[in-house]
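Work through the exercises below with the sequence and structure in view. Each task is followed by a worked solution.

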Amino acid sequence: MGVSQEGLPSGEEFTSFVRRVQPRLQRGLVATYGPDVGRQATVDALSWAWEHWDQIRSVENQTGYLYRVGQSASRRYVPKPLPPELLGELEQRFPDVEPRLVPALARLSTQQRTVVVLVHGFGWSQADVAGLLELNPSTVREHLSRALSRLRDQLEVANAHEYR
């Protein structure tokens, strides 16, 4: 498991790296930008990692760092603040969800929407979301709390569990 002469990782080393980083990276980017843009941003971020291997090897939170690279890459692909693909995936994944939820999610900030989708849509812990987004866990809690409060107000529910 070494580095090639050009400073690039060996095929085996990079394959192992991708297996470890790609699933969480892609889930985070898909939750933020939808399946199409999220997947493309993941490919771009991993390509960047290959080209900048010496730099990424020394980063403590490689997945979080590449999430930021993917965010930058996504600017080329994101046509709207809330990708329609994300709406379709949410509706497909949760067919019994209140129909007003998707438009309400669209009105959240990107950061709030990402936290809500990862925590409540994909079952991630707040600590895992904080690690991916490179945020303090208390910041994730605050985003989640504010987002849920806004969703409750928009959907006119007093109890978040009413639509289960």
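**Exercise 1.** Find how helix 7 and helix 8 are oriented to each other.

Solution. The model is predicted, local features need pLDDT of at least 70, side-chain atom pairs count only at pLDDT 80 or more, and totals for chains, interfaces and linings use all residues. Residues are numbered from 1 along each chain as its sequence is written, and side-chain values use heavy atoms, without hydrogens and water.

Step 1. The axes of helix 7 (residues 110–121) and helix 8 (residues 126–133) come within 10 Å and cross at roughly 135 degrees. Axes are lines fitted to C-alpha atoms, for helices over the stretch in contact, and angles run from 0 to 180 degrees between N-to-C directions.

Step 2. Angles under 35 degrees count as roughly parallel, over 145 as roughly antiparallel, 65 to 115 as roughly perpendicular and the rest as oblique. Helix 7 and helix 8 are therefore oblique.

**Exercise 2.** Classify the ring pair of Phe14 and Trp53.

Solution. Step 1. Rings of Phe, Tyr and Trp (its six-membered ring) pair if their centres lie within 6.5 Å; planes under 30 degrees apart are stacked, over 60 edge-to-face, the rest tilted.

Step 2. Phe14 is buried, at 12% relative accessible area; buried means under 20%, exposed over 50%, partly exposed in between (1.4 Å probe, protein chains only).

Step 3. The ring centres of Phe14 and Trp53 are 5.7 Å apart and the planes stand at 75 degrees, so this pair is edge-to-face.

Step 4. Trp53 is buried too, at 3%. Phe14, Phe17, Trp50 and Trp53 make up one aromatic cluster.

Definitions and conventions
Helices (H or I, at least four residues) and strands (E, at least two) are DSSP runs, numbered from the N terminus.
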